[in-house]
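Thanks for sending this one over. Here are a few friendly comments on how its charged side chains pair up.

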Amino acid sequence: MEALKESIAFKGVAERLTLGITRILENMPGVVDVRFAEREPAEKRSLLSWEQKNNCILPEDLRDFYLTTDGFTLTWSVKLDNECVPLGCMMVNSVARLCPLLQPVSIFSLPNAPSLADLDWDESDAQDGSESSPAAPHFDSRSRIFELDSSGGNGKVCLIYKNCTPGIVAQQSEIWFLDRSLCWHFLTATFTSYYRLMITHLGLPEWQYTFTPYGPSPQAKQWASLYQPLTLSSEPSLADPAGDSYFNKLDPTRAFRGKVKAPAPKKKQSAQCSSAGNSAKSQGSTGRQSGAKR
């Protein structure tokens, strides 16, 4: 009896965490093996330890998330030719795996060894960003970067604190995506917005590349067109200059209109034609008579 109550309680928590996406996936054609990993909540002392170790304050929504579940993993597959092919994956690393992207330099490394900090532009060439495009993070001490999701090897979703000063606790954070070419792309300003974005895109492969100038690969677009047509159709690349989407351009009033038939001649017109013919005949006969008299 107690085990049944625990399973019912877990289903309720899972339903709230996944925003009901598990039921939606299970009802999709071809989707099989939808799995949600159950995890215990993180302890408050582990969160405090992380903040002290990294000299950063976790955002309030991410803290509440970890106090509900220490990480998040939801996977699903599709059935192709009687085989289950893993496709979707939604993941948020646990507190223990929320590690800095840039590891401290080892004392055994060479003095002039290259690092990610070498990719940063100089201050004179750096872009300050604008309201539409925030300033990109830096790989040096000006930014503190922590990995939220490895994105299946297609990049990294990171929790980033910008404009940091050594020895001062960082508080403001954002969510950015680092692609395989080591370029930064802004995703959301809060973890809650990113979490909803991840659920909306169903964890499809390369969904983060939707927010890059070049977009996902053709194969990823095909999967998105199958399982996420509404979100895929709202991409700017699929819209015409007037702002209308090419999705569902069918006009029933034109597509299902029958073949237009030529209108039948009216009786008045036929009468007019017959009268005109009679007058022409009479004129011809009178002309022949006058010619005979001459």
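The points below walk through the salt bridges and the exposure of the residues in them.

1. A reminder before we start: this is a predicted model. How many salt bridges does the structure hold? The count is six, and the points that follow look at some of them.

2. Let me begin with Glu43 and Arg45, whose side chains meet in a salt bridge with an N to O distance of 2.6 Å. Arg45 is exposed, at 64% relative accessible area, because that value is over 50%. Glu43 has 44% relative accessibility and counts as partly exposed.

3. Next comes the pair Arg142 and Asp140, a salt bridge in which the closest N and O atoms are 2.8 Å apart. Arg142 has a relative accessibility of 21% and is classed as partly exposed. Asp140 is also partly exposed, with 24%. Neither residue counts as buried, because that label needs a value under 20%.

4. Which residue forms a salt bridge with Lys162? The partner is Glu174, and the closest N and O atoms lie 3.3 Å apart. Lys162 is partly exposed, at 22% relative accessible area.

Methods. Residues are numbered from 1 along each chain as its sequence is written. This is a predicted model: local features need pLDDT of at least 70, side-chain atom pairs count only at pLDDT 80 or more; totals for chains, interfaces and linings use all residues. Side-chain values use heavy atoms; hydrogens and water are left out. A salt bridge is a side-chain nitrogen of Lys or Arg within 4 Å of a carboxyl oxygen of Asp or Glu. Buried means under 20% relative accessible area, exposed over 50%, partly exposed in between (1.4 Å probe, protein chains only).
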